Each structure stands twice: as structure tokens, then as C-alpha cells.
Amino acid sequence: GARTESSQILRFFAETLQTMNQFEMREFEMPSYDEMHNGSEPMFKFVDPSSRILCTLTIGTPQHMEAAGWVQSKIKELPALRPLCVVLTRVLCAFYPNQSPLSGFLLANLVASFLQRTGASRVSWDFGDLLVGLSRYFGIDFDYSLTAVAAGRPQGVVPKTLLTSTSSSQPFISIEDPQQVGYDLGGHVPVDIQSVFAKIHAALRPYWSAPGCTALQLNMPPLLEILKRKYSL
């Protein structure tokens, strides 16, 4: 069927690029027939050698194209979304070098929700303030027991009780699918994401509160070094 064909194309693509040393492949997920029949999609994961960002590639999945279109529309609406997602992706890869706990789509939902909820990034914004504020928001302030991330709604959040989850266990965080109102994507987050953001905030706050510190001083290499020194990454 179409999914089997997609798997074959992806495998050929992955093996060809790996032979050409175009990327460092971490994992190739080849679902069984039953898994594909029940909805799992073939994909492979690799690390971009220039940015060290963990990427996932799949084909033949219209919902992923729709998700990418949604993210692009949010980037136009919220200019700070793109740089925050890029930096947080690098930070999460520092904590989880083999597998980021948040896909790019889920991370974009969290960041967009924060920006909508706080009203930040609408006119002018300071990147450092937003990064520290976001890490505090999801590391300390956000009520995970009652509230769900809902970037598809103007207010950015929704009561958790309004969502339906197919996860067999209680998710660490509830994230409403902006393309399917009422559906909880939180089951795709395998770790306690609050503790991760709390660590990021604890590492950044002393540096950001230092006199004379500016956003330009908190660029990517020093940021990762701060995290590595504090948590022995």
C-alpha cells in the first residue's frame, strides 16, 4: 500500500544520504504491518551536522504538511516564535542528545501558547527576556494539573478537562492539537517537561539578571556552556 511504498522510499533515501555522509543517522523507524495499519508512520531521524539539531523526515503524510503550514502561519503572527524554537531545540538536544522529548511541532505549540498567553512578541521584544520568561512559565508558573496548552486558540490555553487523550497513561503535559480541537497530543511527550524547563530557567536566570547583560551576550555557544557546566551535560 501507500505506507509500505513510503517506507521503501524513505529507506532508500536514508541509506543513500548516509552513504554520502550527508548526515549522522540516529534511528530508522520501520513500523510493522499492524503498526502502519493502526496509524504509525514510517520515518527516520538524523542529526544535521552543521546545526547539530535532531531532525525527523517522513513522506506521504498530509497531516504533517498541514502541521508545517500551521507553524508557518504562527511564525508570521508571532515573530519571536522562530528564534525561540531554534534555540530551545538546541537546548533540548543538549539535555537529550539521542532523542528530544519534544518534536518541532509540539515545541512550536508550547512557544506559541506562551507568546499568546503573555502577549509577548506582538510589537517589540527582547529575546533574552522571552527565553528566560518562557523557561519560568513552563518550569514554574504553568499549572500542569488543570491547564492544557492550546496554541490554536487566541488565549493560548484551555482547561485540561476539555481534552480527550488516547494515551494509556496520564501525560506529563496536555497539548491540544490545533488541527483537531479537543484532541490531546500530550501522550507524545515522554518526560516530565516541567522539570526540564525548570532546569533551563535555573541555569539562565543568574546570568540574565546580571547588571549590563544584553540579549547579544546570551548567544548560543555561551548558553550551551552554561547548561553543560551546571548539569554536567
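The model is predicted, so local features were taken only at pLDDT of at least 70 and side-chain atom pairs only at pLDDT 80 or more, while totals for chains, interfaces and linings use all residues. Residues are numbered from 1 along each chain as its sequence is written, and side-chain values use heavy atoms, with hydrogens and water left out.

The chain holds eight helices and five strands. Helices (H or I, at least four residues) and strands (E, at least two) are DSSP runs, numbered from the N terminus. Along the sequence the elements follow the pattern α-β-α-β-β-α-α-α-α-β-β-α-α. The chain has 233 residues, of which 45% are buried. Buried means under 20% relative accessible area, exposed over 50%, and partly exposed in between, with a 1.4 Å probe and protein chains only. Contact means heavy atoms within 4.5 Å. Among contacts between residues at least 6 apart in sequence, 56% join residues at least 24 apart.

Helix α5 spans residues 104–118. The expected span of a helix is 1.5 Å times one less than its number of residues. For the 15 residues of α5 this gives 21 Å, and the end C-alpha atoms are 21 Å apart, which agrees. The helix is mostly covered, with twelve of its 15 residues buried. The buried set consists of F105, L106, L107, A108, N109, L110, V111, A112, S113, F114, L115 and Q116. After α5 comes G119, whose phi is positive, near 75°.

Helix α6 covers residues 127–141. Its 15 residues should span 21 Å, and the end C-alpha atoms lie 19 Å apart, in agreement. Buried positions in α6 are F127, G128, L130, L131, V132, L134, S135, Y137, F138 and G139.

Two packed helices are described by the angle between their axes and the distance between the axes. Axes are lines fitted to C-alpha atoms, for helices over the stretch in contact, and angles run from 0 to 180 degrees between N-to-C directions. Helices α5 and α6 pack at about 100°, with axes 11 Å apart. This makes α5 roughly perpendicular to α6. Angles under 35 degrees count as roughly parallel, over 145 as roughly antiparallel, 65 to 115 as roughly perpendicular and the rest as oblique. From α5, the contact is made by L110, V111, F114, L115 and R117; from α6, by L130, G133, L134, Y137 and F138. These contact residues divide into eight nonpolar, one polar and one charged. Here Ala, Val, Leu, Ile, Met, Phe, Trp, Tyr, Cys and Pro count as nonpolar, Asp, Glu, Lys and Arg as charged, and the others, Gly among them, as polar.

S113 also belongs to α5. Its relative accessible area is 0%, so S113 is buried. Leaving aside neighbours within four places in sequence, S113 contacts V149, A150, A151, G156 and V157.

K74 sits in helix α3. At 7% relative accessibility, K74 is buried. Beyond its neighbours within four places in sequence, K74 is in contact with L81, A112, Q116 and A151. The C-alpha atoms of K74 and N109 are separated by 9.2 Å, although these residues are 35 apart along the chain.

The count of salt bridges comes to three. A salt bridge is a side-chain nitrogen of Lys or Arg within 4 Å of a carboxyl oxygen of Asp or Glu. One joins K74 to E77, at 3.0 Å from N to O. Both residues lie in α3 (residues 62–77), three residues apart, about one turn of the helix. E77 is partly exposed, at 35% relative accessible area, whereas K74 is buried.

Another salt bridge links R136 and D141, with the closest N and O atoms 3.1 Å apart. R136 is partly exposed at 38% relative accessibility. D141 is partly exposed at 43%.

R153 and E176 also form a salt bridge, with the closest N and O atoms 2.7 Å apart. This pair links distant parts of the chain, 23 residues apart. R153 lies in the loop between β4 (147–149) and β5 (157–159), and E176 in the loop between β5 and α7 (193–208). R153 is partly exposed at 24% relative accessibility, whereas E176 is buried at 2%.
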